[in-house]
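Here is a briefing on one protein chain. Look over the sequence and the model, then read the points below.

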Amino acid sequence: MYDTVHFQIGDGTTDFTPLAKYLSNVKNVSDEDGVLLYIEGYIGSLYVRLSHGWMICQDSLSRFYFGNNIKRMNPQQIQEAIEKLSDMLHYDVRMFNVTRIDIADCYSMNRPITEYFPCLGELSRFKRINTVKDETLTYSQGDKKYGRSLVFYDKERELTDTRTAILQQLEIPKNLLRYEARYYGRLATRFKEPAITGATLYDETFFRKLVQLWYDSYCQIEKQMSIIYNGMDLIKNMKGAKEYIFIAALAQQPATFVSDMIRQFKQQRVFRNSSEYTRLHNEIYGLLHNPLITNESKLIVELNRKVRQTYDEMMG
């Protein structure tokens, strides 16, 4: 399930430039005075930059190993990829620090990918944004130096735009949705590990920890609900009928509708007490998630099932 991984090592004294002879497409990068800053090139599909005192290596570990980043990697394959990279680079990548990890999987969906985005609502403490012509849905927290993000996008379209060779080699289904969690910087603190190195990546316990976090993050996203029309049997009075109509109308809205409205209320300072906004959200959320009247939409049920299947298979 690993995709992009950033490795780095540096003690300020070791000269890594002799390793440039193992790279392809080598280029020396100098400053305006001609002083060498670093050497860059590639090991397989991985980008490498090295100099006196430091070296980085980054890109998709699964593409390096499989030739594409559609297939999942299990811990044994991750170890084999690290060993292969070490042999090609002539340096032990197990010792490198890891500064970014992406973990992801792809799903062949019944409907076009963008139809699923309105069904995915807010996520507490994350900013929800549609990007790339509304073809990518991102939940972001922090920045690309010390943050994390969850990304949903059309993988088939991405391959069509950027990697047509892979698209021709593999039988890529239509409506291929990718769910990806990206973690940047201070990973040892985030994952409560003494250090995260190349060797950590294939540790079974650590791998399962990341899969659990990937799954839990998805589960914490608010989901769109659908009305259960036989819930009318529960209506006993005028109040119940009004509540049912309110919930039915609300269930027709995108999953972000309530949060967007509350955000506008805040801008207009509708309430004097800020806690009222939270109270309003919780009360409406409770009504909308009444199991006797609503359940999750068909698109969400489909996506839930596929994400859960990945979780079950990777957790063993």
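Is F7 buried or exposed? F7 is buried, with a relative accessible area of 2%; buried means under 20% relative accessible area, exposed over 50%, and partly exposed in between, with a 1.4 Å probe and protein chains only. This is a predicted model, in which local features need pLDDT of at least 70 and side-chain atom pairs count only at pLDDT 80 or more, while totals for chains, interfaces and linings use all residues. Residues are numbered from 1 along each chain as its sequence is written, and side-chain values use heavy atoms, with hydrogens and water left out.

**Overall chain**

- The protein chain has ten helices and eleven strands. Helices (H or I, at least four residues) and strands (E, at least two) are DSSP runs, numbered from the N terminus.
- Of the 316 residues of the protein chain, 45% count as buried.
- The C-alpha trace spans about 80 × 50 × 35 Å along its principal axes.
- The chain exposes about 17,100 Å², and carbon and sulfur atoms supply 48% of that area. Accessible areas come from the Shrake-Rupley method with a 1.4 Å probe; for residues, only the protein chains shown count as cover.
- Take the contacts in the chain with a separation of 6 or more: residues 24 or more positions apart account for 65% of them. Contact means heavy atoms within 4.5 Å.

**The sheet**

- Nine strands form an open sheet with antiparallel pairing. Their order is β2-β3-β4-β1-β5-β9-β8-β7-β6. Two strands pair if DSSP finds at least two bridges between them.
- β2 (24–30) and β6 (127–131) stand at the edges. Each has a single partner strand, so one side of each is left without a neighbour in the sheet.
- From one strand to the next, the twist averages 15 degrees. Axes are lines fitted to C-alpha atoms, for helices over the stretch in contact, and angles run from 0 to 180 degrees between N-to-C directions.
- Strand β1 (residues 2–15) runs antiparallel to strand β4 (residues 46–60), and eight bridges join them. G10 stands opposite W54 in β4.
- β1 also runs antiparallel to β5, with five bridges joining the two. Here Q8 stands opposite N97 in β5.

**Around F7**

- F7 is in strand β1. F7 stands opposite C57 in β4.
- F7 and I56 are 49 residues apart along the chain. Their C-alpha atoms are separated by 5.6 Å.
- Leaving aside its neighbours within four places in sequence, F7 is in contact with a set of residues including I82, L85, V93, F96, G198 and L201.

**Helices on the sheet**

- α6 lies across β1, β5, β8 (148–154) and β9. α6 runs at about 55 degrees to β5.
- α10 lies across β5 and β9, running at about 130 degrees to β5.
- The 18 residues of α10 (residues 298–315) should span 26 Å at 1.5 Å a residue. The end C-alpha atoms are 26 Å apart, which agrees. The expected span of a helix is 1.5 Å times one less than its number of residues.
- Buried residues of α10 include L299, I300, L303, V307, Y311 and M314.
- The buried residues of α10 pack against β5 (97–108), β9 (176–184), α6 (204–219) and β11 (294–296).
- Just after α10, G316 takes a positive phi of about 75 degrees.

**Cysteines**

- How many disulfides does the structure hold? The structure holds zero disulfides. A disulfide is a pair of cysteine sulfur atoms within 2.5 Å.
- C106 is in no disulfide. The nearest cysteine sulfur, that of C219, is 18 Å away.
- C106 counts as buried, at 14% relative accessibility. C57 also counts as buried, at 1%.

**Positive phi away from glycine**

- Most residues other than glycine have a negative phi.
- N25 is not a glycine, yet has a positive phi of about 50 degrees. N25 is found in strand β2. N25 is exposed, with a relative accessible area of 63%.
- R125 is not a glycine either, and has a positive phi of about 70 degrees. R125 is in the loop between β5 and β6. R125 is exposed, with a relative accessible area of 76%.
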